[in-house]
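Welcome, and thanks for taking a look. Here is a short briefing to read alongside the model.

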Protein chains: 2
Amino acid sequence: MQAIVGVEHVLTDEAAQPYLEDWRKRYRGQALAVVRPGSTQEVAAVIKLCYDAGVPIVTVGGNTGLCGGATPDSSGRSVVLSTGRLNRVREIDTDNDTITVEAGCVLQNLQEAARKADRLFALSLAAEGSCTIGGNLATNAGGTQVLRYGNAREQALGLEVVTPQGEIWDGLRGLRKDNTGYDLRDLFIGSEGTLGIITAATLKLYPVPVAQRTALLALRSLPDAVAMLSRARSGFGPSLTGFEVMAGHVLEAVVKLFPQQRIPFDGDSAKSAWFALLELSDSESAEHAQTRFEHVLGQAIEDGLVLDAAIAESVAQSKALWHLRESIPLAEAELGKSVKHDVSIPISRIAEFVDVTNAALQTKFPGVKNIVFGHLGDGNLHYNVSRSEDQTEQELLGLQDQIYQLVHDSVHAFNGSISAEHGVGQLKTRELPRYKSELELRLMRQIKVALDPKGLLNPGKVLYV
Amino acid sequence: MQAIVGVEHVLTDEAAQPYLEDWRKRYRGQALAVVRPGSTQEVAAVIKLCYDAGVPIVTVGGNTGLCGGATPDSSGRSVVLSTGRLNRVREIDTDNDTITVEAGCVLQNLQEAARKADRLFALSLAAEGSCTIGGNLATNAGGTQVLRYGNAREQALGLEVVTPQGEIWDGLRGLRKDNTGYDLRDLFIGSEGTLGIITAATLKLYPVPVAQRTALLALRSLPDAVAMLSRARSGFGPSLTGFEVMAGHVLEAVVKLFPQQRIPFDGDSAKSAWFALLELSDSESAEHAQTRFEHVLGQAIEDGLVLDAAIAESVAQSKALWHLRESIPLAEAELGKSVKHDVSIPISRIAEFVDVTNAALQTKFPGVKNIVFGHLGDGNLHYNVSRSEDQTEQELLGLQDQIYQLVHDSVHAFNGSISAEHGVGQLKTRELPRYKSELELRLMRQIKVALDPKGLLNPGKVLYV
């Protein structure tokens with residue numbers, strides 16, 4: 001290893017520690033060493049060496065995953081491969097609207113490189129200051145602009161991948177249309193480092209919107225939020241780039257904990273059962289966006305669908321509205337540990353799902369509280385459960401597996417997904433057989449065995465057998 | 001077979017003939033029988049029977065493919081499975097913006113079902129009156145709106161697939177986010193019936209645009225068309241739903257052959273070297289679309305980038321402009337047989353590609369004529385070659401393989417694709433090894449063997465060994 005990457009890039013003992021634990025400190029493992037290759041060729045040589053020696057490889061990017069997908073197991077047999085040094089922007093092609101970057105490039109740096117070329121790279125999520133594009137692609141990350149631009153998968157045109165045998169697949173194509181065989185690209189994307197190691201990607205760029213406008217809507221109910229989403233999609237078309245929802249009591253918790261923030265409504269509207277945060281990205285002007293907002297939202301208020309609307313009049317006001325939404329996880333943390341779910345449901349059934357699941361939780365675990373918010377535009381809810389008044393945190397966490405099962409059974413009954421945007425990692429592998437058909441798991445295993453017959457890439461992740 | 005699908009749905013002899021030849025009459029094969037199952041369960045039972053008996057299966061939808069992917073080989077050992085009776089719309093969910101349809105549903109019927117529910121199904125292509133959505137997905141079809149909405153792959157959220165062993169995979173999910181394992185959906189899409197048989201799909205719907213406006217631009221050169229595309233993308237944002245280009249002499253041939261059509265310019269502009277056809281889909285109003293067009297195109301004319309612009313003032317005028325574009329293949333046919341290429345190139349290099357390839361053709365085959373048009377917004381050109389003045393059609397077709405190789409070698413040198421939107425079928429299987437790495441072909445073969453170990457699904461297509 002040292003001969004391939006240089007002595008200083010093979011970490012052991014103390015230097016290796018940060019790579020052996022996930023950032024939420026839920027998973028901890030052991031490894032023979034952490035290796036930090038500086039080029040795709042070095043990645044390939046490292047993998048080849050491991051393949052010949054039968055040593056498992058766990059790849060890590062920014063270590064911001066939420067499912068333990070980048071943390072080695074406790075056997076201590078694995079090598080951890082960090083993509084941190086593969087962080088170059090290789091090429092920006094503005095006429096083709098593409099950027100080619102290495103896997104270890106931090107998402108925010110990638111966004112900034114695009115912005116410098118007067119282009120938008122459209123993936124945006126909470127961890128963007130430290131997550132890497134390689135990890136985003138390996139987990140098919142989502143975020144707040146999926147409604148308009150799609151998940152990480154939809155940003156990628158081409159990939160460079162090192163196979164489990166240490167060969168380099170150059171699939172770095174900057175083409176919108178290419179029908180010359182099986183879609184290897186999308187197979188590697190979302191496979192969480194179990195089929196190959198993504199070392200670089202060619203990604204789509206978009207024009208930078210001329211203006212953005214944000215609005216907070218006060219709503220009577222979640223069905224009204226769904227009806228408003230439908231109106232917003234037809235009224236704004238593709239200019240609608242964000243549609244988040246938050247239960248009223250969740251926002252109340254935010255402003256109670258962070259008194260410098262406020263819900264921008266007076267009287268009853270401030271106590272609405274639900275709120276929606278809308279973002280409009282306009283290719284004309286701020287005035288045009290404002291007029292559009294006033295037109296569509298004015299009609300919705302007139303029709304009684306929306307109780308009240310606060311349209312941000314400045315960038316500062318817009319940031320304040322987003323800050324309310326982004327403060328929810330912090331407020332949650334202040335309220336104590338909760339049992340978290342990252343689920344998606346067909347949008348038409350999402351309100352019924354919340355009703356039915358809330359009721360089932362109250363029957364089985366009386367008094368627990370629901371913290372419901374998320375990306376309604378994508379059907380993606382963060383449906384979290386916190387302790388009842390007379391429960392301790394430990395008591396709640398003792399029920400965690402039962403709560404997971406109740407919520408995920410309900411998700412399944414509504415034709416939803418138990419992992420909308422965070423992946424499987426090691427957190428959800430044992431739940432997959434409950435919710436996926438034996439056939440689907442067998443197809444996945446057949447592909448895994450075909451590409452990685454020795455089972456050396458990220459063993460135990462996604463599929464646990 | 002008769003016991004599974006009914007005597008009348010197993011065709012042999014004369015009744016089977018239409019299924020044994022592709023519509024362009026380039027390929028003809030033989031088959032044991034043509035079977036027309038009426039449900040997914042019947043498809044599964046038919047496939048299981050074939051699997052147990054070791055009989056190959058060739059699936060056909062509307063038989064509109066351009067690469068012979070749905071035509072059996074001449075061995076007469078195969079069964080042809082027609083999806084024609086699987087033509088129901090199973091569900092439209094307007095709140096979720098999804099439609100679930102069976103594979104044999106004709107694309108135009110699917111578009112109309114969506115339109116009746118006040119939604120847009122965004123895939124649109126020349127064969128839409130007879131091609132089926134199953135075939136569109138199996139070949140990952142493109143068309144004229146890819147610029148905005150993506151290829152067939154990007155329209156699909158979920159699939160129902162019958163495996164080579166005759167099992168039914170229910171992957172009919174209507175979710176925008178689902179990260180619970182490998183992307184089987186996108187692996188089946190574009191695999192041309194070689195990995196599984198798509199029997200149904202859950203597809204995305206969009207709001208119907210409030211207004212559409214079309215314009216024809218007269219341009220000096222192909223680089224100017226590329227520069228205009230870049231301006232149109234930033235000026236119109238996602239409202240830009242079409243950007244086609246046509247060489248001037250190609251349009252001249254159209255109006256010469258079809259005198260009722262005309263190029264809507266006077267004087268020199270009518271003889272421009274290139275033309276571009278733009279379509280704007282507006283979520284506000286026809287007036288708004290018109291104003292946007294006038295603003296962006298007016299600036300481009302002022303800057304000297306565009307020589308002249310004709311904006312359609314009515315639906316009839318708009319249709320007349322599209323009719324010019326759509327008449328090109330007919331005009332080509334009138335001019336005699338040509339050697340056709342369906343290629344894509346990074347947009348930034350497309351002008352250079354055309355220059356270099358035109359010159360190479362003239363050097364090797366003096367006097368041949370280039371017929372160049374296509375979906376510039378996707379980097380997809382139909383780059384066709386017709387005979388020189390002193391050549392017969394037969395002489396040109398005798399050079400076909402040499403012309404393919406020259407053009408495709410050039411495409412490869414420009415990092416392009418030799419099949420942008422038509423697939424591989426049996427037409428291009430033998431070219432793949434020249435342009436794809438041995439590693440990529442091996443990965444494809446490993447997947448094929450893993451899922452279809454007996455090699456019974458559409459043998460000889462996509463991969464010929």
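**A sheet, its helix and a shared interface**

Val34(A) has Val80(A) as its bridge partner in strand 4 of chain A. Please keep in mind that this is a predicted model.

- Strand 2 (residues 33-35) and strand 4 (residues 79-82) of chain A run parallel and are joined by 3 bridges.
- Helix 3 (residues 40-53) of chain A packs on the sheet, where it touches strand 2, strand 3 and strand 4 of chain A. The direction of helix 3 makes about 170 degrees with that of strand 4 of chain A.
- Taken as a whole, this is an open sheet of 4 strands in chain A, with the order 1-2-4-3 and mixed pairing.
- Strand 1 (10-11) and strand 3 (57-60) of chain A are the edge strands, and each of them pairs on one side only.
- A backbone detail to look at is Asn63(A), which is not a glycine and yet has a positive phi of about 55 degrees. Asn63(A) sits in the loop between strand 3 and strand 4 of chain A.

**The sheet in chain B**

- Chain B also has an open sheet of 4 strands, ordered 1-2-4-3, and its pairing is mixed.
- At the edges of this sheet stand strand 1 (10-11) and strand 3 (57-60) of chain B; each has a single partner strand, so one side of each is left without a neighbour in the sheet.
- Strand 2 (residues 33-35) of chain B runs parallel to strand 4 (residues 79-82) of chain B, with 3 bridges joining them. Within this chain, Val34(B) has its bridge partner, Val80(B), in strand 4.
- Packing on the sheet of chain B is helix 3 (residues 40-53), in touch with strand 2, strand 3 and strand 4 of that chain. Its direction and that of strand 4 of chain B make about 170 degrees.
- In the loop between strand 3 and strand 4 of chain B lies Asn63(B). Asn63(B) has a positive phi of about 55 degrees, although it is not a glycine.

**How the two copies are related**

- Chain B is superposed on chain A by a rotation of 180 degrees with 0.0 Å of shift along its axis, at an RMSD of 0.0 Å.
- The two copies are thus related as by a two-fold rotation axis.
- Both copies use the same surface, since 100% of the contact residues of chain B recur in chain A.

**The interface**

- In contact across the interface are 85 residues of chain B and 85 residues of chain A.
- Between them, chain B and chain A bury about 6,700 Å², with 54% of it on carbon and sulfur atoms.
- On the chain B side, Lys177(B), Asn179(B) and Tyr182(B) lose the most area to chain A, together 16% of what that side buries.
- The count of salt bridges between chain B and chain A is 14. The side chains of Asp97(B) and Arg233(A) meet in a salt bridge, at 2.6 Å from N to O.
- Polar contacts between chain B and chain A come to 47 residue pairs, both residues being at pLDDT 80 or more.
- Elements giving two or more residues to the side of chain B that touches chain A include strand 9 (168-171), helix 9 (222-236) and helix 11 (286-302) of chain B.
- Helix 18 of chain B supplies the largest share of that side, 10 residues.

Terms used. Residues numbered from 1 in each chain as written. Chains lettered and ligands numbered in written order. Predicted model: local features only at pLDDT ≥ 70, side-chain atom pairs only at ≥ 80, totals over all residues. Heavy atoms only, no water. Pairing = 2+ DSSP bridges. Contact = heavy atoms within 4.5 Å. Axes fitted to C-alpha atoms, helices over the stretch in contact; angles between N-to-C directions. Least-squares fit on C-alpha atoms with pLDDT ≥ 70 in both. Buried area = accessible area lost by both parts, 1.4 Å probe. Salt bridge = Lys/Arg side-chain N within 4 Å of Asp/Glu carboxyl O. Polar contact = N/O pair within 3.5 Å; in protein donor to acceptor, adjacent residues only side chain to side chain.
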